[in-house]
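Keep the structure open as you read.

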Amino acid sequence: MNTIKVVRTFLFLIVLAVFSSCSSKKNGVVAHRGAWKTNKLPENSIAALRHAIDLKAAGSEFDVVMTADDSLVINHDPHYNKLIIEETNYADLIKFRLSNGEKLPTLYEYIAEGKKNNKQTLLVCEIKPSGISKERGQKIARMAVEIVKKLKAEKITGYISFDYEILKQIRKVDSKATLQYLEGNKSPAEVKSDQITGIDYHYSVFKKHPEWIKEAKENHIILNAWTVNDPADMDWIIANNFDYITTNEPELLKERVKGRK
């Protein structure tokens with residue numbers, strides 16, 4: 001094993017240790033696209049992020065897409081107001097406001113807001129795969145990390161993606177970043193071998209592969225499940241003591257977690 005590989009492995013183990021201690025309470029509630037539903041806020045809006053932080057959620061998830069002129073914006077779908085984001089300049093996108101009057105936020109604005117009066121909510125940054133090319137997706141990943149570092153928000157930001165190569169790209173430029181894979185097609189041991197720190201799969205994947213729950217815990221891999229909205233599914237995940245649970249119903253989930261203590 002060469003020196004570089006030894007150092008990378010050491011840093012990876014430090015990240016695992018830090019986040020294992022941070023998630024020791026287990027069943028941390030992650031607000032999916034922010035806490036938007038109860039107050040009928042726009043998904044992925046600054047207001048939804050702010051409400052998640054006010055709820056003291058363990059995390060608030062949001063989605064990053066890149067415009068035609070290389071601006072990183074927060075939006076779940078590849079289109080906004082019937083405009084394809086990757087083919088539209090930022091100035092043209094912000095001509096259309098969100099339902100609460102906000103403009104489409106940039107990643108810089110979102111992270112900057114997420115730092116304010118925030119002592120416990122992890123900013124869970126989902127890097128959307130590019131519809132144009134794999135290379136563009138990896139460029140988005142590098143740019144996102146640069147913005148987070150510029151804002152000195154590394155300690156409160158984690159990254160997730162359905163694109164495994166995006167996560168591996170982030171690991172190349174940030175040895176300490178928390179990374180969780182979304183697709184649900186790799187075992188905990190497989191992601192650990194690539195220095196990916198967590199698996200964040202749809203809850204149905206864990207019902208199909210319950211052995212992965214035990215394997216993740218044995219390998220100190222972060223366990224997360226999405227998007228858990230039904231009370232019965234919430235209770236099943238809570239009983240299995242996951243690190244995090246991603247939901248559109250953070251208020252309800254917080255009550256059910258509290259009720260199981």
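A charge sits over a ring if NZ of Lys or CZ of Arg is within 6 Å of the ring centre and within 35 degrees of the ring normal. Lys-207 meets this with Trp-236: its charged end lies over the ring, 5.4 Å from the centre. The charged end of Lys-186 sits over the ring of Tyr-164, 4.5 Å from its centre.

The model is predicted: local features need pLDDT of at least 70, side-chain atom pairs count only at pLDDT 80 or more, and totals for chains, interfaces and linings use all residues. Residues are numbered from 1 along each chain as its sequence is written, and side-chain values use heavy atoms, with hydrogens and water left out.

Now turn to ring against ring. Rings of Phe, Tyr and Trp (its six-membered ring) pair if their centres lie within 6.5 Å; planes under 30 degrees apart are stacked, over 60 edge-to-face, and the rest tilted. Searching the whole structure gives 7 aromatic pairs. Take Phe-162 and Trp-226: the centres are 5.8 Å apart and the planes stand at 80°, so this pair is edge-to-face. The pair links distant parts of the chain, 64 residues apart. Phe-162 lies in the loop between β7 (157-161) and α6 (164-173), Trp-226 in strand β10 (residues 222-226). Helices (H or I, at least four residues) and strands (E, at least two) are DSSP runs, numbered from the N terminus.

Tyr-201 and Phe-206 are stacked, with 5.7 Å between centres and 25° between planes. Both Tyr-201 and Phe-206 are buried (under 20% relative accessible area; exposed is over 50%, partly exposed in between; 1.4 Å probe, protein chains only). Phe-162, at 30% relative accessibility, is partly exposed. Tyr-201 and Phe-206 also belong to one aromatic cluster with Tyr-164, Tyr-181, Trp-212 and Phe-242.
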